[in-house]
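Visitor: I am new to this structure and would be grateful for a close look at a single part of it. Please describe that part in one connected account.

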Amino acid sequence: MPAPSTAISVAQLAPHVTVSRAVKAETTKLLTLRLCLNTVVGSVLLTVLLSWLLTNLIDAAHNAGRPEEAAGLEGGTAFLVILHYGQIGVVLLAAWSMHQEAENGSLRSTLISLPQRNIVLAAKALVVLAAVFITALLSVFGSAGVRCLVIDCAAENNQISPTPQATAGVLWGVILYWVLIALFTYALSVILRSGLAAMGTVLAMALIVSTYLVNITPLAKFLPDQAGAQLYQLPPPTPGDLGPATGGLVLAVWVVAALIAALVLFRRQPVRR
């Protein structure tokens, strides 16, 4: 008579244990993906370096009496332009997390060992959120700090906002925007079943399309990137702006709706071999 098996499948574990193991497994996967690690490190270094370089150029233009070369920028706030484009790194990171596993076939193995697709999707989202938060934290505060090597931040911080608390609010607004737009990209990669398509859609919208649409229709301010950009808008707001609270709420609604759609579709989608 064969001895009873003592092995317990992951699916038979308590829900909180299953989630914990799934998050641990997804963290291990992310840490072993060279592209993801390179994206995190590259995004931080490139954002900080370009912020320092742009601050240098803008400060030199003002000091030389040629403000027209600064294109309307000030030394204290020029790094915010770099942070706007810095979202490319976290969008790439979020899109790649699901794309890489689906393309190399390991997603099928993941779902065999853990059939609860909602837990797989949630675990990946949590790991993406953590990786993006670390990337954003280092990039934003690194960029804000490195400009102090060029300008007198104590004297020029009021170019961002009149109080230190409001300045910190702008910087944390950038971090929150990066996290939310990354989660939106992650959900979109599941809906479209393509990380490349999700990345292209979000970046085209954030860097090109919505910029033109805001000049055509006021409804464009409710697009995810336009609404989210209100989180780090320099005060005071202009008439018609959503403002940080409403803008952040609109982006959060986009993210929740996209995650729900991703969950519904992911539970029905066949897995590629």
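Guide: Trp 254 has a relative accessible area of 36% and is therefore partly exposed, a class lying between buried (under 20%) and exposed (over 50%), with a 1.4 Å probe and protein chains only. Phe 184, at 8% relative accessibility, counts as buried. The model is predicted, so local features need pLDDT of at least 70 and side-chain atom pairs count only at pLDDT 80 or more, while totals for chains, interfaces and linings use all residues. Residues are numbered from 1 along each chain as its sequence is written, and side-chain values use heavy atoms, leaving out hydrogens and water.

The structure holds 3 aromatic pairs, that is, rings of Phe, Tyr and Trp (its six-membered ring) with centres within 6.5 Å. In the pair of Phe 184 and Trp 254, the ring centres are 6.1 Å apart and the planes stand at 90°, so the pair is edge-to-face; planes under 30 degrees apart would count as stacked, over 60 as edge-to-face and the rest as tilted. Phe 184 belongs to helix 7 (residues 164-192) and Trp 254 to helix 10, and the pair links distant parts of the chain, 70 residues apart. Helices here are DSSP runs (H or I, at least four residues), numbered from the N terminus.

Helix 10 (residues 243-266) also packs with helix 5 (residues 117-146), at an angle of about 140° and with axes 9 Å apart. Their contact (heavy atoms within 4.5 Å) involves Arg 117, Asn 118, Val 120 and Leu 121 of helix 5, and Ala 262, Leu 263 and Phe 266 of helix 10.

Key
Axes fitted to C-alpha atoms, helices over the stretch in contact; angles between N-to-C directions. Helix = DSSP H or I, 4+ residues; strand = E, 2+ residues; numbered from the N terminus.
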